[in-house]
Amino acid sequence: EEFTFEIEHDLQLTCLQIDVWDSNTERGVGDALRTISKIHGFVGFKKFFRQVAQTAVRGPKDDFIGRLYVPLKEIPSDGFDDWRHLMNKHQKLKPGQIF
């Protein structure tokens, strides 16, 4: 996707923050149970049952994957085309990247 932003602040001091989320499309426990045939292994079942329990109690919830901060002064006018490391909510490096 492409986005255009009007920047009203000093480019030398402003950062772009990108939060990456895994959108859970299940609307309820019934939707979650219909995906049971796609699960493989013990870890998969453990994650599945945790998700079903959370959905039953709180409703569907999206999962935070990571966050990226990019100082605007580092973004060339024609954009950039490289991998960037994701950080967790506490600004510690996560084992993930975004392109």
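Modeller: Ile 7 sits in the segment before β1 (15-22). Keep in mind that the model is predicted.

Biologist: Why is Ile 7 called partly exposed?

Modeller: Its relative accessible area is 42%.

Biologist: What makes Arg 67 and Asp 19 a salt bridge?

Modeller: Their closest N and O atoms are 2.6 Å apart. The cut-off is within 4 Å, so the pair counts. Arg 67 is in strand β2 (residues 63-71) and Asp 19 in strand β1, 48 residues apart.

Biologist: Is Arg 67 buried or exposed, and how do you know?

Modeller: Buried: its relative accessible area is 14%, and the label requires under 20%. Asp 19, at 31%, is partly exposed.

Biologist: Why does the pair Glu 74 and Arg 84 count as a salt bridge?

Modeller: The closest N and O atoms are 3.8 Å apart. That is within 4 Å, so the pair qualifies. Glu 74 lies in the loop between β2 and β3 (84-87) and Arg 84 in strand β3, so the bridge ties together parts 10 residues apart in sequence.

Biologist: What makes Glu 74, Asp 82 and Arg 84 one network?

Modeller: Shared partners in their salt bridges. Arg 84 pairs with Glu 74. Arg 84 also pairs with Asp 82, with the closest N and O atoms 3.3 Å apart.

Methods: Residues are numbered from 1 along each chain as its sequence is written. This is a predicted model: local features need pLDDT of at least 70, side-chain atom pairs count only at pLDDT 80 or more; totals for chains, interfaces and linings use all residues. Side-chain values use heavy atoms; hydrogens and water are left out. Helices (H or I, at least four residues) and strands (E, at least two) are DSSP runs, numbered from the N terminus. Buried means under 20% relative accessible area, exposed over 50%, partly exposed in between (1.4 Å probe, protein chains only). A salt bridge is a side-chain nitrogen of Lys or Arg within 4 Å of a carboxyl oxygen of Asp or Glu.
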